[in-house]
Amino acid sequence: MKPWLIKLKQATYNTTFMYNIRMLIAFAGTAFVPYFMGMQLATIPLTLGVLAAGLSDIDDRFSVRIVNQLYTYIGFFVTATSIQFLFPHPILFATGLILSCIVLILLGSLGRRYATISYGCLVVSVYSMLGVNLFDDWYMQPLLLVSGAIWYGLISTISFLLFPVRALQDKLSLSYSSLGDFLFAKSNLFDVDMTAPSYQQSIIDLSLENGKLIAIFNDLKTALLTRLKGDRGQKDTRRSLQYYFVAQDIHERADSAHIDYQKLAKIFQHSDILFRFQRILSIQGKACKDLSESILHRKPYVHNKRFKHAFENLKQSLEKLRSEQQYDQVWINALFALYQNLKSIDAQLRNLETERNIKLDKSKHIEQQLKDDDLKSWDDIVIRIKQHLTPESVLFRHAIRLSIVLLIGYIFVQVTNIQYGYWILLTALFVMQPNFNTTKRRLRLRIIGTLAGIVVGYTILYFVPSVEGQLLVLVISGMLFFELRSKQYAQATAFMTILALMNFNLEGLGYAAAVPRMVDTLIGCALAWFGVSFIFPDWKFRRLSRTIRRSLTAQCGYLAEVIEQYKNGRNNGLNYRVVRRAAHNTDAEVASLISTLATEPDFDPNQKAQAFEFLCLNHTFISYIAALGAHRDKIDDQEVLQLLDQAMDDIQGALLKDETPDLSAQNMLQTIRQRLSQNKEEDQKSLIILQQLSLMMSILQQLSRLKQSLSHEHDQDATELASL
């Protein structure tokens, strides 16, 4: 193959490059086609249509993608037309604004596609307000907005047909990259110089990385499921599914904890053993990063040869520690179990690309290998919407909050008749997020980005007076907005401001629009801050105790399924993966909720400290369960099976029923420690189980105490709130 063809092929593997090309073509069409046709004013709604469609774009298989686009175009047209007809009637307009905002946001409860399309319709509604007097005929703006959306949809569909698995591969690549970050965070627990505060921070960092990884896994699972429904035996889809399963298995093994790392660092602080474990985890993290790059660029993954030497040296060190008998054999056994776990991760990475591992069992229907959460009937629609018709729902609070803020903004514009006032509503819509922390961050970035965009935009208008040059700037600004919107919000806002100034300059109002843009942005940000601070503020509905109970319930379900497999044999079927996913999802919810507490006003410092302590113990507990899950296999030792059942009862009693562990639990823990001290080398599997039970029982009482304390303080807060 010729060198230039090779480079061209490699360029098509660059997702960012191809996405930018798509956006460049989209904005070039809306900017220059009307210009050459003598319809320069049409550029404004056409460009806004592309923006709204780009924000509403959903990754899905071809047939569903077409349906989504049809829904989007219908929604855009109905929304824009409603604005045109209701705009001259302020009372009807205000009523329609608040009702449509609530309905559109609550439609997001039906799933990702409906949430995305609804958000696009909200954006179009404000865009329509900005250009309501742009044309004499009522239908011109709605048609041009939809035409811009159709133009973007056409380009997006062609891109999908040319590269049908590109988006899926990007998500798969991102999952392995995040898995690498998780392994790097896990390696920090083997730091021999670790102090108590640094250990807690390392656990918090690990828990937050775990939350990011779980969110990426969930997104990947959704993308896989929609493609598997329309699968016709495509090799890339089956391979991606297998990679997803392997990533989940690696995550379970990497998240597992066979030992108390803080005690481990003190006991082996003068040995090289922890450095060796830390090094292997680090190079496994690097291997996941390499695999991520291989998936992204469609290159074969080459397993690092350093692993073989590193594992050989680690095993020799472990055997030397065992022969010296200087340390308690319980610790040595735990280290050997950890060694075997890391060896299993190594085997997964080493054999991932072999043909033997990418073949799936064709006797099973491929759609049944992932849990389908899509709507099945009208009953599902009613149930999901009803679940969110309460202030306890984050979605409901956001719907009410945003609709009130938009209504206040509309009334302000009507009363003051401020120039370009509907930018206030647009700013509030883009800035306001369902939680306080994210909104507060966006407020600052929005103001900085708008100010920078105005300065740069003024300069461009002065030095680039030609229409052609300004249209070129518009195209580049639109492309850079989409490239940066999920990475650098301030920069993305700056480019959006430049695009807006270029658009308004088509009417000869570029200079006049700059200062109002800044003023309206400040007012919109102030309204957004008011909304998240005083309308159903998050800290009044955080429901920490409820999230904690949900997490502990899911963990107990995970443990119960693991114990069942020790009785009946290893099974990686759907039920096991569902309960494991539920446990990790709820653990991630706890981490996300607690990590935002520092940003919320008037939160009790003592409760905050307890919450972070609970976060560490909660993630430690699920890590102990994950270690049991990593080694799960059928055992015949009836005494160990009986201990597992008794431990399950005690754990459920302490964590779900607030029962104090009784004498039988203490006797069970004593029995476990006695068996561990006997060191039955012929039954390593039982020793691993006993070690994990010992670790779980050792933190059970503290975990239960923290759970009860946080729940009690929250109940007091709820009582005080109800009395107001």
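Select Arg22, Asp57 and Arg65 to begin. In this predicted model, these three residues are linked in a network of salt bridges. Side chains of opposite charge can pair when their charged atoms come close. How many salt bridges does the structure hold? The count is 15.

**More charged pairs**

Select Arg276 and Asp272. Their side chains meet in a salt bridge, at 2.9 Å from N to O. Arg276 is partly exposed, at 28% relative accessibility. Asp272 is also partly exposed, with a value of 35%.

Next, pick Glu483 and Lys487. Here the N to O distance of the salt bridge is 2.5 Å.

Now go to Arg546 and Glu392. These side chains form a salt bridge at 3.7 Å, N to O. The pair links distant parts of the chain, 154 residues apart. Arg546 sits in helix H23, which covers residues 544-568. Glu392 sits in the loop between helix H16 (378-387) and helix H17 (394-416). Colour both by accessibility. Arg546 has a relative accessible area of 37% and is partly exposed. Glu392, at 27%, is partly exposed too.

**The nonpolar patch**

Switch to a surface view. Select Phe17, Ile21, Leu24, Ile25, Trp151, Leu154, Ile158, Leu162, Leu472 and Ile476. Together these residues make a nonpolar surface patch of about 850 Å². Which helices each supply at least two residues of the patch? They are helix H2 (15-36), helix H7 (140-162) and helix H20 (467-484).

Ile21 is placed in helix H2. Its relative accessible area is 33%, so Ile21 is partly exposed. That value also clears the cut-off for patch residues, which is over 30%.

Hide the surface and select Ala247. This residue lies in helix H10, residues 235-255. Ala247 is buried, with a relative accessibility of 0%. Which residues is Ala247 in contact with, leaving aside neighbours within four places in sequence? Show Tyr176, Leu179 and Phe217. Then draw a distance from Ala247 to Tyr176. The two are 71 residues apart along the chain, and their C-alpha atoms are separated by 7.0 Å.

Move on to Ile688. Look for this residue in helix H28, residues 684-723. Ile688 counts as buried, at 14% relative accessibility. Not counting residues up to four places away in sequence, Ile688 touches Ala337 and His631. Ile688 and Val330 are 358 residues apart in sequence, yet their C-alpha atoms are 9.7 Å apart in space.

**Cysteines**

Select Cys556, then Cys616. Cys556 is buried, with a relative accessible area of 3%. Cys616 is buried as well, at 8%. How many disulfides does a search of the whole structure find? The search finds 0.

**The whole chain**

Zoom out and switch to a cartoon. The protein has 28 helices and 0 strands. Of its 724 residues, 55% are buried. The accessible surface comes to about 31800 Å². Carbon and sulfur atoms account for 58% of that area. Among contacts with a separation of 6 or more, 82% are between residues 24 or more positions apart.

**Confidence**

Finish by colouring on pLDDT. The mean for the protein is 86, and 88% of the residues reach 70 or more. Select residues 360-368. The pLDDT over this stretch is below 50, and the stretch has 15 contacts in the model beyond near neighbours in sequence. Then select residues 718-724. Here the pLDDT is again below 50, with 2 contacts beyond near neighbours in sequence. Where pLDDT is low, the predicted coordinates should not be read in detail.

Note on methods:
Residues are numbered from 1 along each chain as its sequence is written. This is a predicted model: local features need pLDDT of at least 70, side-chain atom pairs count only at pLDDT 80 or more; totals for chains, interfaces and linings use all residues. Side-chain values use heavy atoms; hydrogens and water are left out. A disulfide is a pair of cysteine sulfur atoms within 2.5 Å. Buried means under 20% relative accessible area, exposed over 50%, partly exposed in between (1.4 Å probe, protein chains only). Patches are made of residues with over 30% relative accessible area and no salt bridge: like charges are joined within 9 Å, nonpolar side chains (Val, Leu, Ile, Met, Phe, Trp, Tyr) within 5 Å. Accessible areas come from the Shrake-Rupley method with a 1.4 Å probe; for residues, only the protein chains shown count as cover. A salt bridge is a side-chain nitrogen of Lys or Arg within 4 Å of a carboxyl oxygen of Asp or Glu. Helices (H or I, at least four residues) and strands (E, at least two) are DSSP runs, numbered from the N terminus. pLDDT is the predictor's confidence in each residue, from 0 to 100. Contact means heavy atoms within 4.5 Å.
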